[in-house]
Amino acid sequence: MIAMVFQRLEDLRIDSDLRQQDIADYLHMHLEVYRRYEKGHREIPVWAVIQLADFYRTSTDYILGRTNRRAPIK
């Protein structure tokens, strides 16, 4: 099974001027694990999507590509 590629993970990180290592540290994981999530080689767990949505102040739906609205729903 091939994991979904979440292009928005990379886009959000780059827009925030962060390195993959910065996000891996935030999520308390090894760089290679996070890199695999970002590139779609490994499925990202729900807890990580939620933490990243909080970190980037967006919705999980935006990260998952279910909406193009970046701002979280209030």
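Predicted model: local features only at pLDDT ≥ 70, side-chain atom pairs only at ≥ 80, totals over all residues.
Residues are numbered from 1 along each chain as its sequence is written, and side-chain values use heavy atoms, without hydrogens or water. Local features need pLDDT of at least 70 and side-chain atom pairs pLDDT 80 or more, whereas totals for chains, interfaces and linings use all residues.

Helix α3 (residues 31-39) has Y34, Y37 and E38 as its buried residues; buried denotes under 20% relative accessible area, exposed over 50% and partly exposed in between, for a 1.4 Å probe and protein chains only. Helices are DSSP runs (H or I, at least four residues), numbered from the N terminus. Viewed down the axis of α3, the buried residues fall within an arc of 95 degrees (directions from the helix axis to the C-beta atoms), so they line one face of the helix. They pack against α1 (7-15), α2 (20-26) and α4 (46-56). Contacts of Y34 (heavy atoms within 4.5 Å) include L9, R13, I23 and L52. After α3 comes G40, with a positive phi near 85 degrees.

Seven salt bridges are counted, each a side-chain nitrogen of Lys or Arg within 4 Å of a carboxyl oxygen of Asp or Glu. One of them joins K39 and E10 at 3.6 Å, N to O, linking helices α3 and α1 across 29 residues. K39 is partly exposed at 34% relative accessibility, whereas E10 is buried at 18%. Within α3, R35 and E32, three residues apart, form a salt bridge at 2.6 Å.

Terms used:
Helix = DSSP H or I, 4+ residues; strand = E, 2+ residues; numbered from the N terminus. Lists of a residue's contacts leave out its neighbours within four places in sequence.
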